[in-house]
Amino acid sequence: MIKLSWPELDENEYNKDWENAVEWSYSQWVEDQTDKTKIIRTLFLHWYVYVEDMCKSLSDSQFLNRLKAISSMGKENLHNDIDFQWLYGYVSSINPELFGEEADYSRVELDGRQLIKTALIKEPKNIFLQMLEKGTGSLSKYTSWKKQNSKGLEEYSEANFSGSTLFDEYFAEIIKSRNGK
């Protein structure tokens, strides 16, 4: 797993200028739809801003169309990339309604979970991927596992999600909050 640095987007996120961040990242992605950083960061930003209702300049259908277009391009170009696998797996398993039609929600959710497992197979010792995979199962087992692995998760978070981007802050908080802190 690598850092997904994108200084121009980072600045918009740091300033909490969500509408400009969404529009700018999307326009940059449209210009280069195969760039890993652009796909992953634009997908995550659009997902987060939509779910948290932080941008009023786009309609629901515009956001959903963008999410589906970005994720489709990611699946086409990054289907074997571990970073795309875990991120798309995570967002699509949490919010399958954003990435498929109503009749497909169960399939989208299961496909998302499978992508997380596929990423974990590639890096079986990656504690963050282990956490994401455990999160698809029983809450009590997940909570117990996180308590037992809290130190390793904290170290992983410090090494990989210590920046000031929305992406880093979100996943650092996921690690921290589910540790019962």
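Let's start with a pocket lining: seven nonpolar residues, three polar and five charged line the second largest pocket. Here Ala, Val, Leu, Ile, Met, Phe, Trp, Tyr, Cys and Pro count as nonpolar, Asp, Glu, Lys and Arg as charged, and the others, Gly among them, as polar. A pocket is an open set of points on a 1 Å grid over the protein atoms alone, where a 1.4 Å probe fits, with protein on both sides within 12 Å along at least five of seven lines; lining residues have an atom within 4 Å of a point.

A word on the source. This is a predicted model, where local features need pLDDT of at least 70, side-chain atom pairs count only at pLDDT 80 or more, and totals for chains, interfaces and linings use all residues. Residues are numbered from 1 along each chain as its sequence is written, and side-chain values use heavy atoms, leaving out hydrogens and water.

Back to the pocket. The second largest pocket holds about 190 Å³ of space, the volume filled by probe spheres set on the points, which are joined across faces, edges and corners. Of its 15 lining residues, Lys-3, Leu-4, Asn-160, Phe-167 and Asp-168 are the closest to its centre. At least two lining residues each come from α5 (82-94), α9 (150-160) and α10 (166-177).

Now the whole fold. The protein has ten helices and zero strands. Helices are DSSP runs (H or I, at least four residues), strands too (E, at least two), numbered from the N terminus.

Last, burial. Of the 181 residues, 48% are buried, meaning under 20% relative accessible area with a 1.4 Å probe, protein chains only. The C-alpha atoms fill a box of roughly 45 × 40 × 30 Å along the principal axes.

Notes: Buried means under 20% relative accessible area, exposed over 50%, partly exposed in between (1.4 Å probe, protein chains only).
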